[in-house]
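Reader: Hey, I'm new to this one. Can you walk me through it, starting with any term I'll need?

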Amino acid sequence: MIPTSTRDVVLTHLLRDGAMHRADLARVMGVSRTTIGNAVAPLVVAGVLEAEPGSIPAGVGQHAPKKQRLVIAPKVGLLASLVFRRTGITVGLASLDATMLGYRFVPKGVAEPGASRMEQGLAMLSELRGELGLSGVPIHRGQVAVNSQVDSTSGEIHGGKASWMWTGTNPKTVVEQELGAPVRLENSARLLGFVEYLAHPEARNLIYAHLTGGVAMGQVINGEIAGGSHGGAGELGHLSIDHDGRPCECGNRGCLGRYVGMETVMEEVRAVLGPSATLGEAVDAAKAGHHAATLIFRQTGRLVGEALASVCNLLDPDLIVLGGSVVAAGELYAEPVRATILERALPLVTRSLNVVLGSATADQAAITRASFELLRRETSYVEGALARINSFV
């Protein structure tokens with residue numbers, strides 16, 4: 001649907017681009033400020049538009065002064081985000097123009113199953129709505145990310161024993177029923193890749209390699225997450241590097257994750273530093289010149305680099321971001337990854353390639369904002385949001 005009325009064009013710009021001044025709306029639409037004022041005034045009176053949170057001078061109230069940026073009022077409808085990672089749950093709420101209203105994060109143990117994680121995440125979201133005074137406001141769309149191989153359309157969990165945490169659950173169905181709204185489903189690693197993409201506007205094509213229990217990958221190509229036909233893309237940890245190698249929970253042998261996952265890394269660390277050694281202690285030992293500790297990070301980096309060299313030859317990224325627990329090792333890990341990619345990948349794809357350590361994915365607010373940005377970028381999002389706003393008016 002192409003908006004035709006001035007009012008709907010104004011709302012479309014706010015939905016697509018977020019908070020804007022009246023003057024900016026007039027400029028991008030090529031109309032006078034008077035025209036914008038006439039379109040905006042009844043929307044402010046109806047409570048559809050208001051001044052951007054935190055920008056209202058004391059004593060002014062909620063009348064959206066002309067010098068303040070306009071946003072769509074939360075009471076029209078909400079966006080919800082639930083992100084389930086191996087080590088925690090992040091939830092958040094936003095208005096229809098993706099203005100974030102609040103978020104919460106709770107760390108979790110890696111052994112807690114997905115069903116209980118969903119139950120707690122939904123409870124956290126309900127509590128947040130109550131704290132914001134929005135319990136009665138309907139949720140328009142939801143974004144859910146899970147750390148498992150999941151069918152993005154049906155919500156079915158795949159991956160066999162490797163997806164044990166979420167076996168027997170359907171995150172899409174459960175969350176949609178609870179929220180009473182359609183849900184967009186994503187893999188957590190691909191969402192984290194999108195977070196880093198938003199933090200690196202210079203990158204056209206970005207690969208995010210997340211090393212924790214295994215090795216997950218997010219890929220953003222020309223600004224779009226490449227999730228595959230069913231949402232199964234990016235399983236870098238299940239790339240076999242030795243067909244006769246160690247058995248993997250997925251049923252194959254020699255999967256990369258069996259050689260560089262954090263459980264394996266920590267087994268090697270404790271074999272040389274003692275049974276209670278931590279990752280931080282291994283990093284400190286390596287920086288102090290401990291040969292065996294240094295070799296663990298170097299070998300981990302080389303194996304990841306070999307796998308990413310093949311990815312580079314296939315996808316030709318201009319930026320690779322390394323994330324996950326092992327980034328605590330810094331350049332001890334990043335340098336061998338970088339060197340191996342430059343050694344193994346083709347010259348055309350490496351001549352301007354950068355390999356960096358991730359940082360944006362440590363920011364729970366950035367993760368939540370990225371969830372809302374994904375919703376806003378959906379093809380049919382504006383049309384659906386306009387319909388909700390028009391029904392509100």
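This is a predicted model: local features need pLDDT of at least 70, side-chain atom pairs count only at pLDDT 80 or more; totals for chains, interfaces and linings use all residues.

Reader: Okay, so is Thr-361 buried or exposed?

Author: Thr-361 is buried, with a relative accessible area of 9%. You'll find Thr-361 in the loop between β14 (354–357) and α13 (364–376); helices (H or I, at least four residues) and strands (E, at least two) are DSSP runs, numbered from the N terminus.

Reader: And what does Thr-361 touch?

Author: Leaving out residues up to four places away in sequence, Thr-361 is in contact with Arg-85, Leu-192, Val-195, Glu-196, Tyr-208 and Ile-367. Contact here means heavy atoms within 4.5 Å.

Reader: You mentioned α13. How many of its residues are buried?

Author: Twelve of the 13, so α13 is largely enclosed by the rest of the structure. Among those buried residues are Ile-367, Phe-372, Leu-374 and Leu-375, and Glu-373 and Arg-376 are on the list too. From first C-alpha to last, α13 reaches 19 Å, close to the 18 Å expected at 1.5 Å a residue. That expected span is 1.5 Å times one less than the number of residues.

Reader: How does α8 do on span?

Author: The twelve residues of α8 should span 16 Å, and its end C-alpha atoms are 16 Å apart, which agrees.

Reader: Which residues of α8 are buried, then?

Author: Met-262, Thr-264, Val-265, Met-266 and Val-269. The buried residues of α8 pack against β10, α7, α9 and α10. Just after α8 comes Gly-274, with a positive phi of about 115°.

Reader: New topic: the inside. Which residues touch the most other members in the largest nonpolar core?

Author: Leu-308, Ile-320, Leu-322 and Ile-341, out of 41 residues in that core. A nonpolar core is a set of buried Ala, Val, Leu, Ile, Met, Phe, Trp, Tyr and Cys residues joined through side-chain atoms within 4.5 Å. Elements that each supply at least two residues of this core include β10 (205–211), α8 (262–273), α10 (291–315) and α11 (331–344). The most comes from α10, with ten residues.

Reader: What does Ile-341 touch?

Author: Not counting residues up to four places away in sequence, Ile-341 meets Gly-305, Leu-308, Ala-309, Cys-312, Ile-320, Thr-350, Leu-353 and Val-355. There's also a second, separate core of 30 residues, and Leu-25, Met-29, Ile-72 and Tyr-381 are included in it.

Reader: Where does Val-283 lie?

Author: Val-283 lies in helix α9, and at 4% relative accessibility Val-283 counts as buried. Beyond residues up to four places away in sequence, Val-283 touches Phe-297, Ala-328, Ala-329 and Leu-332.

Reader: Last bit, at the start of the chain. At what angle do α1 and α2 pack?

Author: Helix α1 (residues 6–17) and helix α2 (residues 22–29) pack at about 110°, with axes 11 Å apart. That makes α1 roughly perpendicular to α2. Thr-6, Val-9, Val-10 and His-13 of α1 make the contact with Leu-25, Val-28 and Met-29 of α2.

Reader: And how far apart are the axes of α1 and α3?

Author: Their axes are 9 Å apart, and α1 packs against helix α3 (residues 33–45) at about 80°. That makes α1 roughly perpendicular to α3 as well. Axes are lines fitted to C-alpha atoms, for helices over the stretch in contact, and angles run from 0 to 180 degrees between N-to-C directions; 65 to 115 degrees counts as roughly perpendicular, under 35 as roughly parallel, over 145 as roughly antiparallel and the rest as oblique.

Key:
Residues are numbered from 1 along each chain as its sequence is written. Side-chain values use heavy atoms; hydrogens and water are left out. Buried means under 20% relative accessible area, exposed over 50%, partly exposed in between (1.4 Å probe, protein chains only).
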